Amino acid sequence: MNAKSTLSIIIFNFFLPILKRESLISVASKLAELGVDKISLYLPDKVDQSMAKKDFNKLTEKITETLILACSQSGNNFIPKLKFFNNLKEALDVKDGRIVMLDTLPEATSLTAYNPLQNERSVSIVTGCESGYSDAERKLFKKDDVYYLRTNILRAETAVSYTHLTLPTILLV
């Protein structure tokens with residue numbers, strides 16, 4: 001199976017940390033416009049304290065409204081599934097294809113080296129929050145599934161958009 005035929009069957013899902021409200025809404029909107037199948041929100045260990053005590057049901061409702069509008073505006077005929085998890089471990093327990101962690105560790109592999117497994121149909125991309133992953137969160141991943149995007153550190157919302165736009169290009173090479 002060549003990379004081009006593999007690309008046509010891969011579904012991209014994103015595990016997003018709870019970010020500040022406006023950043024999270026913006027990222028979710030962009031992912032909906034780009035055709036992501038599922039967005040799983042998780043409360044990171046190093047959550048921004050301004051978000052720690054928010055009502056996540058209201059936030060999820062607002063994001064759902066935003067997803068509907070983004071899909072309508074972009075002409076997508078489906079709305080990404082949206083689910084909230086209390087932590088990253090809980091989110092990862094819902095297995096849905098291969099899960100790839102994006103990190104800034106020097107021992108991580110460049111995302112440009114990502115190679116889909118044979119018959120891979122779904123890839124879930126996990127991004128961290130502004131203050132990074134906790135040690136406990138990092139231990140949830142196998143070394144082979146940890147990648148970095150660039151040598152410089154990107155903001156959480158930039159990393160999501162960059163990944164969704166870059167990964168299909170990498171798979172075509």
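This is a predicted model: local features need pLDDT of at least 70, side-chain atom pairs count only at pLDDT 80 or more; totals for chains, interfaces and linings use all residues.
Helix α2 passes helix α3 in a right-handed crossing. Residues are numbered from 1 along each chain as its sequence is written, and side-chain values use heavy atoms, with hydrogens and water left out.

**The α2/α3 pair**

Two packed helices are described by the angle between their axes and the distance between the axes. Here the axes of α2 (residues 21-34) and α3 (residues 56-74) come within 8 Å and cross at roughly 35°. Axes are lines fitted to C-alpha atoms, for helices over the stretch in contact, and angles run from 0 to 180 degrees between N-to-C directions.

From α2, the contact uses R21, L24, I25, A28, S29, A32 and E33. From α3, it uses L59, K62, I63, T66, L67, A70, C71 and S74. Contact means heavy atoms within 4.5 Å. By class, the α2/α3 contact has nine nonpolar, three polar and three charged residues. Nonpolar here means Ala, Val, Leu, Ile, Met, Phe, Trp, Tyr, Cys and Pro; charged means Asp, Glu, Lys and Arg; the others, Gly among them, are polar.

T66 is one of the α3 residues in this contact. T66 touches I25 and S29, not counting residues up to four places away in sequence.

**Overall layout**

The protein has six helices and seven strands. Helices (H or I, at least four residues) and strands (E, at least two) are DSSP runs, numbered from the N terminus. From that terminus on, the order is α-β-α-β-α-β-α-β-β-β-α-β-α. Of the contacts with a separation of 6 or more, 82% join residues 24 or more positions apart.

**The sheet**

Seven strands form an open sheet in the order β3-β2-β1-β6-β4-β7-β5, with parallel pairing. Two strands pair if DSSP finds at least two bridges between them. The edges are β3 (81-85) and β5 (109-110), each pairing on one side only.

β1 pairs with β2 in the parallel sense over five bridges. In that pair, P17 stands opposite Y42 of β2. β1 also pairs with β6 in the parallel sense, again over five bridges. There, F14 has I125 of β6 as its bridge partner. Four bridges join β4 to β6, and these strands run parallel. M101 is bridged to V126 of β6.

Two helices lie across sheet strands. α2 lies across β1 and β2 and runs at about 180° to β1. α3 lies across β2 and β3 and runs at about 165° to β3.

**Burial and cores**

Buried residues make up 47% of the 173 residues. Buried means under 20% relative accessible area, exposed over 50%, and partly exposed in between (1.4 Å probe, protein chains only). In β6, five of five residues are buried. Both faces of β6 are covered: S122, S124 and V126 on one side, V123 and I125 on the other.

The largest nonpolar core has 34 residues. A nonpolar core is a set of buried Ala, Val, Leu, Ile, Met, Phe, Trp, Tyr and Cys residues joined through side-chain atoms within 4.5 Å. F14, L16, I18, L24, L31, I39 and I63 touch the most other members of the largest core. The elements giving two or more residues to this core are β1 (11-17), α2, β2 (38-42), α3, β4 (98-102), β6 (122-126) and α6. A second, separate core has 13 residues, including F15, L92, M101 and F141.

| Residue | Relative accessible area | Class |
|---|---|---|
| T66 | 13% | buried |
| N57 | 58% | exposed |
| I153 | 66% | exposed |

T66 lies in α3. T66 counts as buried because its relative accessibility is 13%, whereas N57 counts as exposed at 58%. N57 and F84 are 27 residues apart in sequence and 8.5 Å apart in space, C-alpha to C-alpha.

I153 is in the loop between β7 (146-148) and α6 (156-172). I153 and E130 are 23 residues apart in sequence, with 9.7 Å between their C-alpha atoms.

Methods:
A crossing is left-handed if the near helix is turned anticlockwise from the far one by less than a right angle, and right-handed if clockwise.
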